[in-house]
Amino acid sequence: LEANMKVGDHPDLLPKGHYASNLVLKGEEGIEVKSSIQRGGWQGHNPEECRLMVFRYVIGEQESGEFVPLTFVEILCAKLDCSDWSFSGRKGVSRRTPTASITTSGVEKLRRNFLYRLPGVGVGSHKDILAQT
């Protein structure tokens with residue numbers, strides 16, 4: 001993989017040698033990358049069929065009062081379809097950035113297909129699921 005160097009690009013990571021250059025505005029192949037401190041509610045700008053990777057992290061003071069340095073707690077990755085997104089768009093003359101939220105089906109795909117997860121940090125039925133050998 002290589003970084004997509006185009007401003008406003010999609011996806012963020014490109015298969016090396018797949019495109020003529022690493023300046024791709026809208027590519028069909030690759031991985032879109034997000035990072036989030038949130039346990040869910042992830043968004044993008046458009047509902048797109050894509051491979052999506054989410055890096056979940058914690059940092060700073062936690063509810064327990066413990067101070068935690070930047071720590072990645074989960075890495076989730078799945079191929080999402082357009083139906084795995086809910087599009088908010090814009091209304092009237094609004095200048096708000098259009099947003100697309102990942103639906104329950106998309107979040108479930110990501111949680112089922114985790115690449116990395118610290119013990120006990122999964123969400124819901126995935127809380128205690130760790131990698132099988």
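Accessible areas come from the Shrake-Rupley method with a 1.4 Å probe.

**Figure 1. Overview of the predicted chain.** The structure shown is a predicted model. Its accessible surface comes to about 8400 Å², and carbon and sulfur atoms contribute 54% of that area. The C-alpha atoms fill a box of roughly 45 × 40 × 30 Å along the principal axes. Of the 133 residues, 34% count as buried. Among contacts with a separation of 6 or more, 36% link residues 24 or more positions apart. The chain carries 17 positive and 16 negative charges, whose mean positions lie 5 Å apart.

**Figure 2. Order of the secondary structure elements.** One helix and nine strands make up the secondary structure of the chain. Along the sequence, these elements follow the pattern β-β-β-β-β-β-β-β-α-β.

Figure 3. Pro 11 belongs to the loop that lies between β1 (2-3) and β2 (13-14).

Figure 4. Val 33 is placed in β3, which spans residues 31-36. Because its relative accessibility is 28%, Val 33 counts as partly exposed. Leaving aside residues up to four places away in sequence, Val 33 touches Asp 12, Leu 13, Met 53 and Phe 55. Leu 1 lies 32 residues from Val 33 along the chain, and the C-alpha atoms of the two are separated by 12 Å.

Figure 5. Strands of a sheet pair through backbone hydrogen bonds, either parallel or antiparallel. Strands β3 and β5 run parallel and are joined by six bridges. Within this pair, Ile 31 has Arg 51 in β5 as its bridge partner. Strands β5 and β6, in contrast, run antiparallel, with 11 bridges between them. Here Tyr 57 has Phe 72 in β6 as its bridge partner. The hairpin formed by β5 and β6 has five residues between the strands, and Gly 65 in its turn has a positive phi of about 95°.

**Figure 6. The open sheet containing β4, β8 and β7.** Three strands form this open sheet in the order β4-β8-β7, with antiparallel pairing. Its edge strands, β4 (43-44) and β7 (85-87), each pair on one side only. Two bridges join β4 to β8, and these strands run antiparallel. Gln 43 stands opposite Ser 101 in β8.

**Figure 7. The largest nonpolar core.** This core has 13 residues, of which Trp 42, Leu 52, Trp 85, Ile 102 and Leu 110 touch the most other members. At least two core residues come from each of β5 (50-61), β6 (67-80), β8 (100-102) and α1 (104-112).

**Figure 8. Contacts of the core residue Trp 42.** Trp 42 is one of the members of the largest nonpolar core that touch the most other members. With residues up to four places away in sequence not counted, Trp 42 touches Ser 36, Val 54, Arg 56, Leu 76, Ala 100, Ser 101, Ile 102, Val 107, Leu 110 and Arg 111. Among these contacts, Ile 102 and Leu 110 are also listed with Trp 42 among the core residues that touch the most other members.

Definitions and conventions
Residues are numbered from 1 along each chain as its sequence is written. This is a predicted model: local features need pLDDT of at least 70, side-chain atom pairs count only at pLDDT 80 or more; totals for chains, interfaces and linings use all residues. Side-chain values use heavy atoms; hydrogens and water are left out. A nonpolar core is a set of buried Ala, Val, Leu, Ile, Met, Phe, Trp, Tyr and Cys residues joined through side-chain atoms within 4.5 Å. Buried means under 20% relative accessible area, exposed over 50%, partly exposed in between (1.4 Å probe, protein chains only). Helices (H or I, at least four residues) and strands (E, at least two) are DSSP runs, numbered from the N terminus. Contact means heavy atoms within 4.5 Å. Two strands pair if DSSP finds at least two bridges between them. Lys and Arg count as positive and Asp and Glu as negative; His and the chain ends are not counted. The place of a charge is taken as NZ of Lys, CZ of Arg, CG of Asp or CD of Glu.
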